[in-house]
Amino acid sequence: MIDLRRLTVLRAIEQYGTVTAAAGAVHLTPSAVSQQVRQLGRELGVELLRPQGRRVRLTEAAQALLRHADAMEELWQRTEAELHATAVGEPRGVLRVAGFPSAAEVLLAPLAVQLQAEWEGLTVKVREAEPLDCFGLLFSGETDVGVVEAMPDNPPLDDGRFGQRPLLDDPFDLIAPAGHALTRGDGPTMEDLAAERWILGMPGTGCSARQLVLASCRSAGFAPSVAHEAREWNVVATFVALGMGIALVPRLARLPSHPDLVRIPLRGRYIPSRRLLRVTRRGSEGHPAVAAALALLDELAAEQGGFVQATEPL
């Protein structure tokens with residue numbers, strides 16, 4: 001009989017590449033991780049880790065086991081979800097949700113309030129986390145539902161560890177100083193922004209906004225003149241309100257109220273938009289608390305106007 005906790009430790013070594021990194025992910029010491037894997041190997045009668053200089057490597061037997069590990073974990077998640085649905089029937093206990101700042105503010109905070117108001121026995125804990133961190137939290141069991149941006153560095157949509165579904169398309173709006181020529185008329189196109197001074201997000205900040213804006217500018221036939229860069233949306237908004245340039249911000253981003261700041265939807269082609277996904281551990285979707293959270297997430301996304309209907313999990 002395989003101890004699934006020990007199998008999770010082995011999966012973490014494959015996921016993170018080293019015993020030390022895996023230990024951090026599963027909240028054990030490196031020596032405890034090695035001990036767990038050695039014990040799993042003894043239970044199965046095979047060697048799973050082999051020394052390689054100062055490091056260790058997974059043996060062929062470990063690789064063979066890992067080829068089935070995701071399916072075994074999914075089956076256990078489905079089993080656990082069915083047990084809770086049969087024995088309890090309604091959302092109870094603790095549900096942990098995580099998402100990047102805009103998602104936490106606009107979707108996850110209302111989700112927590114509404115679920116706890118509806119289900120007396122349910123406690124919802126919200127955690128702010130960047131997309132790749134959300135996947136790590138799901139993998140380690142520290143969160144149950146994540147809302148992430150679709151980004152190139154994310155695990156692929158067919159990754160056997162996660163159930164990923166499109167949730168919301170979040171278009172970008174123009175923000176400009178009050179009185180700017182772009183604030184008049186029916187709204188500008190991307191091509192109308194070519195001669196402006198721009199404020200962009202910082203490179204390498206863990207979100208896709210900068211890359212999406214630059215790609216849309218290229219599609220519209222120009223490279224933006226970058227005057228300033230900022231990490232937080234409220235800083236970007238302050239720069240714009242002071243007349244330092246224009247910027248594009250996702251519609252979900254909540255900006256500080258400022259009399260010298262105007263927010264305008266774009267029209268025409270090449271409007272940048274980011275896609276949001278809702279993510280679970282694959283197989284856990286039938287758990288009563290998780291199912292209630294996913295259904296409410298879809299409702300909240302639909303209220304934002306960019307809801308993406310997906311008939312099958314990705």
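The model is predicted: local features require pLDDT of at least 70, side-chain atom pairs count only at pLDDT 80 or more, and totals for chains, interfaces and linings use all residues. Residues are numbered from 1 along each chain as its sequence is written, and side-chain values use heavy atoms, with hydrogens and water left out.

Pockets were located on a 1 Å grid over the protein atoms alone, a pocket being an open set of points where a 1.4 Å probe fits, with protein on both sides within 12 Å along at least five of seven lines; lining residues have an atom within 4 Å of a point. Grid points are joined across faces, edges and corners, and a volume is the space filled by probe spheres set on the points. The largest pocket holds about 660 Å³ of space. It is lined by 30 residues, of which E73, Q77, S140, G141 and R281 are the closest to its centre. At least two lining residues come from each of α1 (4-16), α4 (60-87), β3 (93-99), α6 (131-140) and α9 (288-304), where helices (H or I, at least four residues) and strands (E, at least two) are DSSP runs numbered from the N terminus. The lining comprises 12 nonpolar, 8 polar and 10 charged residues; Ala, Val, Leu, Ile, Met, Phe, Trp, Tyr, Cys and Pro count as nonpolar, Asp, Glu, Lys and Arg as charged, and the others, Gly among them, as polar.

The second largest pocket holds about 470 Å³. Among its 20 lining residues, P101, E130, R231, E232 and W233 are the closest to the centre. Helix α5 gives the largest share of this lining, 3 residues.

The largest nonpolar core contains 30 residues, and L10, I13, V33, V37, L48, L58 and V279 touch the most other members. Such a core is a set of buried Ala, Val, Leu, Ile, Met, Phe, Trp, Tyr and Cys residues joined through side-chain atoms within 4.5 Å, buried meaning under 20% relative accessible area (1.4 Å probe, protein chains only). Beyond its neighbours within four places in sequence, V37 is in contact (heavy atoms within 4.5 Å) with V9, L10, I13, L48 and L49.

In α1, the buried residues are R6, L7, T8, V9, L10, R11, A12 and I13. Their cover includes α2, α3, β1 (49-52), β2 (55-58), α4 and α6. Just after α1, G17 adopts a positive phi of about 90°.

Technical notes:
Buried means under 20% relative accessible area, exposed over 50%, partly exposed in between (1.4 Å probe, protein chains only).
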